[in-house]
Amino acid sequence: QGKKAVIGVSIPSATHGFMGGLNWHAQETIKRLKATYPNLDFVLATAGAVGKQVNDIEDMMATRNIDALVVLPFESEPLTSPVKAVKDAGKWVTVVDRGLSQAGIEDLYVAGDNTAFGRVAGEYFKANLKPGAKIVVLRGIPTTLDNERVDAFRKAIDGSGIEILDMQHGNWNRDKAFSVMQDYLSKHKKIDAVWAADDDMAIGVLEAISQAGRQKEMWIVGGAGMKEIIKRVMDKDPQIPVDVTYPPALISTALEITALRFVSDTPVYGRFIIGSTLVTPANAAQFYFPNSPF
Amino acid sequence: MVDQAASRPASSFRLPSLSALGPLLALILLVALGAFLNDNFLSHGNITNVLARSAFIGMIAVGMTFVITSGGLDLSVGSMAAFIAGVMILAMNALLPSMGVGVPLILAGMVVALAVGLAAGLANGLLVTRAGIEPFIVTLGTMGIFRSLVTWLADGGTISLDFAVRQLYRPVYYSGLFGIAWPIIVFALVAIAGQIAMRHTRFGRYCEAIGSNDKVARYSAVSVEGIRLATYVLLGLLVGLATIMYVPRLGSASGSTGMLWELEAIAAVIIGGTALKGGYGRVWGTVVGVLILSLIDNILNLADLVSPYLNGAIQGVIIVLAVVLQRGKKSSA
Amino acid sequence: MVDQAASRPASSFRLPSLSALGPLLALILLVALGAFLNDNFLSHGNITNVLARSAFIGMIAVGMTFVITSGGLDLSVGSMAAFIAGVMILAMNALLPSMGVGVPLILAGMVVALAVGLAAGLANGLLVTRAGIEPFIVTLGTMGIFRSLVTWLADGGTISLDFAVRQLYRPVYYSGLFGIAWPIIVFALVAIAGQIAMRHTRFGRYCEAIGSNDKVARYSAVSVEGIRLATYVLLGLLVGLATIMYVPRLGSASGSTGMLWELEAIAAVIIGGTALKGGYGRVWGTVVGVLILSLIDNILNLADLVSPYLNGAIQGVIIVLAVVLQRGKKSSA
Amino acid sequence: MTVAPVLELREVRKSFGPIEVLHGVDFALHPGEVHALIGENGAGKSTIMKILGGFLEPTSGQVLLDGQPAPYASGAEAEAAGVVVIHQEFNLAPDLTATENIWLGRELGRVFLDHKAMRAGTQALLDQLDTHISPDARIADLPVSDRQMVEIAKALSRKARVLIMDEPSAVLTRREVEILFRQIDRLREQGVALLYTSHRLEEVTRLADRVTVLRDGAVVRRAMRGELTEDGMATAMVGRDLQDIYPERRHTKGEVALEVRGFHVPPLVHDVSFTLRRGEVLGISGLVGSGRTELAEGLVGLRPATGDIRRNGVAVHIRSVREAAHHGMAYLTEDRKERGLLLDKTLRENLTLSTLPRFGTPFISDAREETALTEAIGEFDIRAPRRDMKVGNLSGGNQQKLLLAKTLLPDPEIVIIDEPTRGIDVGTKSQIYAFIDKLASEGRSVIVISSDMPEILGLSDRVLVMRQGRLAGELEGERISETNVVRLVMGTSEGINGEAVHG
Ligand SMILES: Nc1ncnc2c1ncn2[C@@H]1O[C@H](COP(=O)(O)OP(=O)(O)OP(=O)(O)O)[C@@H](O)[C@H]1O
Ligand SMILES: Nc1ncnc2c1ncn2[C@@H]1O[C@H](COP(=O)(O)OP(=O)(O)OP(=O)(O)O)[C@@H](O)[C@H]1O
Ligand SMILES: O[C@@H]1[C@@H](O)[C@H](O)OC[C@H]1O
Ligand SMILES: [Mg+2]
Ligand SMILES: [Mg+2]
């Protein structure tokens, strides 16, 4: 077939649990696809900041002769025009998770659903708490996607009579979430539930609660589907009744579909939204991947 | 200093009492503010939380005080902590099958942590003293190296301590003696030892001399390179110790462990009144600095403030004010 | 007495040539490595990319060289850039209805950027010179303040420039003159002006004198506080200028814009041979330092390396090696 | 001739904290005159000079310029008014070059610096001072004497009406002192008012048209040229009669304590060999830059060196001051401010720095340190207003005494003293000479490196002369004379080690 097709992959670096999982899935999938399709080659770059990601994409264009780009934008706005430039150069573009701020650039969009992520959690709270119940929230790093999730959550519990006592940023980080939760516990005599909005944060929250000996008082909902948390849901841990998915494996889906574009004639344009589902003890086994680092 | 004497004679006599009280005053004001904002602020539980949380940065900052006093700097401590934690957990997990869950395994993990800390400190120290590279560059380099290594060891994710081991190890963070948590006790011991070392031993005296003028120190039979090396090794060991107290808390390490601890530790040292250029070190000031930083976070969480987005701004303002207060007191004295 | 003059060892005369060539040598080696790894490395496109993206940190680092040379430090530049970008974009969006899309609007945005940069630099400078607080603390504080403010302005998300305005503004980053991109041209002008200011004007001379011994400078009728203030203001203006070139590139600002730029800028200055303690500044060394840092990233993207997790480690090793090389050359001279 | 004074102090008092160091001083400088201000270490000379030069404000009293209250509040403003000071401490930025320092604050050129003009100006000044310093030399790389010449050049470039010189000759060699004097004479003829201080009274006799003697912050004697002999000055300063300041007795030599063979200290010092016996004072003379300091620093491990050193007959390797101390050797540096003392630390911390292990392990005993300080203050007559003050606030001479005390604290068997009495008053000088004499009598060996000819002649049992990094010759007993030393120093006589030295 002659020339190999080169697929550039640009993702944020493994700065927290979810992204670590995503990095792991990306590398595993690349390995697998390379083995399966000898005429495909991949160039992977990870970035810890917006500027670095734009540089990575420029470098792929200038020096690696890529034919396609799979990108999970660090942030939507600033990545929009660099990705558009790739598209304008006639390359195939797959956007993952965080969409671009301008419609119609990408050929393929594979994403989680941040609104659903917040809504599904919110609906669970609404269904399982009485009016007047008090909850606390730990948000992620201040970003658009965090805003989308929180807004959807708020909307979902609207009118339920649930009171949000406090909302601070835990930055999707265990240590930070641990301190924030410790302080919530000092401050509030009564907390009925916690929305930790990310499983890494949920781990920190759990520790703070058990230190305070208030395990019986409240339950926690995290998010993303970390294996330890899924396991606890599966084991019917009363502290972690459910989880909300936001699978880091969506990068695998994106890579696989993009690969198809180069190895077959399958039409692969479109949008693939991997919904956020509620993980309950009943369906947990289906989301449990003990080998993933996440 | 001479210039001060020549141009502003009044300040030529040091008034250690008042200027030293500066950061303490800021601390006291913060405590008062906290107590005013929230009734639970002074509760045993909250005080324990704040102090225990300060312990990691605290121990590191005590070590950093010696490094900075002797004219050095270490930007790598946060990543070093992450790296040590990663290696320590992997080592314990690896030793588990042969050693079984038990105190010896925990002790083995602690030895690994201290050994890795020592090695890391030695690496920094040797690059600074033998290769003669600026501490800023050396530790900027090793900062990247340590952080990368732990991410790589964790395969991008989180390295978790075996559950059973963790249960056994937990009390090292969560329990204590006579109602005082272990991290607080260890931090207090480190701080006291540090204060004594700085004020009452040759090592501390030499650190100040080297930071003040390393040529004079060399002409005075002080082993300048040896002492410098020792400060980095000491800091490495203290990072190891901090990690020993950190791991039982959450039982895991990842690429994001210890993020920005270096900045916090250095800030605590400077807030405490140690000179960034070296020559004058104040261990107990550092302790106060650490507590100030940790209290600001606590108060921001306890109080209902404008917008959580502005936390960083309030933090910034308080840090500057704390130092203004301190310097203000000094110059008005 | 001629014999006496002859007895002076040659080494009492400085040999700037070789020690100055140190960082340049590291740069050349990196370029050779890049060319060896990838055929496209030396292509016009890649070179343009590397140089253009160095421009932001580059301009800031040139300003930072003056601050550090005169004994100061500025940790706030990264957040300052984010804050300026945020305010600039908001201002342009706000003016859009009244001014319409056009060059005047862009110019108005630029004026806002420079004005905010000037004000921010002035704030840092006044806190350092008038309130007499350590630059480390002042700028650690303002770092938190600026970053918080932009997060707050963005409501936790991203502030975006109106699409139409952006289309008009884009060429400021993406096009150029005679095939040379604008950011490269502006950076080159800033670097040349900086080099001239450092070597051939009173301002540069005074920065060095103050950093070397501020008492001596004061005795020599140098306005020490004025010059110090000026270095922070200059740096603020250059951060403003860098932002003017940055906004057309990404068209937005958020809480994570300019993250860690301060560290990169300071590292570039030190790699370039300026002393962290002040007293000796080398603007062109800074330029070389910026290029080294930027090339390392580029080269890591040229080849498929072991594991992306290890990028940071390789980066760290190269930074230290670059400086070893430089110092090695110097001492063997 | 009673010309009106240019610059005057009236009833000036000065206190540092609670301690008053000047008690109502009246003092005047006249155009075309050299006025010498003399007094013991710590008497207040530098303080007076700083007040005149605008660097210190008097606590009470007045500074008058041309009969009007002096219109300046800082050294810089005073300089603009034509009152220029050469400080006892160096006032140069170490990272800048000679040229950059000399023009600091008054650079030439409009927008851009005129490097060529400034360099040429510097070269001219340095030529005028007959010195070999390169205008491009970084101050930090220069030996102290050269730094002082740069200071002098800087002051001369200021076109002063009043030139105040605080012990300018202390770190200079005789040759350089001569150059300085020529400049002073020239300025006097031009009508400049000059204030001069020195602890070398022969200089005062030679230069001064007027002498004011200060004791403990008060004027005790005023005299015109010729009214005071050197003895008279010394007596007025110290408040008692002084005998001959050099010790009488020559020492009896013991066995060889140190033997140095084929010693090289690159890049300057080559092939130096000598022996040192117990109970001997060995003087080393030479011009600035002849390598005496390098030799000494090489011997005690401060500079990389090659060659054989035998201590009591046993070959030793010394790579650091620590190792030198281990072999009973101590070195007192000529560069008190940069290498000798920690200026922002207290007396106690400085005194014990090189001997800390003696003061307790693991904890330093403050009490023992205090005792040592008390002894040092007594033995070396260190005059400090407060024990816990920073050393940088001591008067220059008292700093030197503290440095001596510090160097001798380890009780070394071999002491190398580089410029022992720099800035020390006559009274104390004789004490220090007696001290050196006592060390030798106890069977220790002392090497004295000095640019002060009488000191070399008065103290040494044997004299080595260095020239261009090599030994130019050795003099002993009767042959120790000024003429012989000067000949060797200048290279105008045959070297005694059989080495021909060309002139
Ligand atoms: N900034 C200061 N703070 C405290 N004491 C000071 C300060 N400056 C000078 N002194 C004290 O004032 C006294 C006079 O000092 P000064 O330097 O004027 O003496 P001096 O006559 O110049 O002595 P020397 O001959 O040793 O140079 C000394 O006791 C000195 O310690
Ligand atoms: N580290 C160094 N490297 C090279 N040259 C040096 C160094 N230090 C000093 N020199 C030069 O060596 C020469 C010798 O200076 P030094 O002061 O040691 O001479 P000296 O004979 O001791 O004279 P004196 O003690 O009277 O100043 C000087 O010209 C000086 O510039
Ligand atoms: O980084 C984010 C992660 O932490 C969160 O849980 O899910 C979405 C991701 O983009
Ligand atoms: Mg004096
Ligand atoms: Mg010498």
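This is a predicted model: local features need pLDDT of at least 70, side-chain atom pairs count only at pLDDT 80 or more; totals for chains, interfaces and linings use all residues.
Local features were required to have pLDDT of at least 70 and side-chain atom pairs pLDDT 80 or more, whereas totals for chains, interfaces and linings use all residues. Residues are numbered from 1 along each chain as its sequence is written, chains are lettered from A in the order in which they are written, and side-chain values rest on heavy atoms, without hydrogens and water.

Chain D contains an open sheet of six strands in the order β16-β17-β18-β13-β19-β20, with mixed pairing. Strands (E, at least two residues) and helices (H or I, at least four) are DSSP runs numbered from the N terminus, and two strands pair if DSSP finds at least two bridges between them. The edges are formed by β16 (329-332) and β20 (470-476) of chain D, each of which pairs on one side only. On average, neighbouring strands of this sheet are turned by 15° against each other, direction ignored. Strands β13 (residues 281-286) and β18 (residues 445-449) of chain D run parallel and are joined by four bridges; D:Gly283 has D:Val448 as its bridge partner in β18(D). Helix α15 (residues 426-441) of chain D packs on the sheet, where it touches β13, β17 (414-418) and β18 of chain D. The direction of this helix makes about 145° with that of β18(D), with axes fitted to C-alpha atoms, for helices over the stretch in contact, and angles running from 0 to 180 degrees between N-to-C directions.

The contact between chains B and D (heavy atoms within 4.5 Å) takes 31 residues from chain B and 42 residues from chain D. About 3,300 Å² is buried between these chains, 58% of it from carbon and sulfur atoms; buried area is the accessible area (1.4 Å probe) that two parts lose on being put together, summed over both. Two salt bridges were found across this interface, a salt bridge being a side-chain nitrogen of Lys or Arg within 4 Å of a carboxyl oxygen of Asp or Glu. The side chains of B:Glu208 and D:Lys345 meet in a salt bridge at 3.2 Å, N to O. On the side of chain B that touches chain D, α10(B) gives the most, with six residues.

Chain B also meets chain C, with 42 residues of chain B in contact with 41 residues of chain C. This pair buries about 3,500 Å², 77% of it on carbon and sulfur atoms. B:Phe136, B:Ile137 and B:Tyr309 supply 17% of the area that chain B buries against chain C, more than any other three residues. Zero salt bridges were found across this interface.
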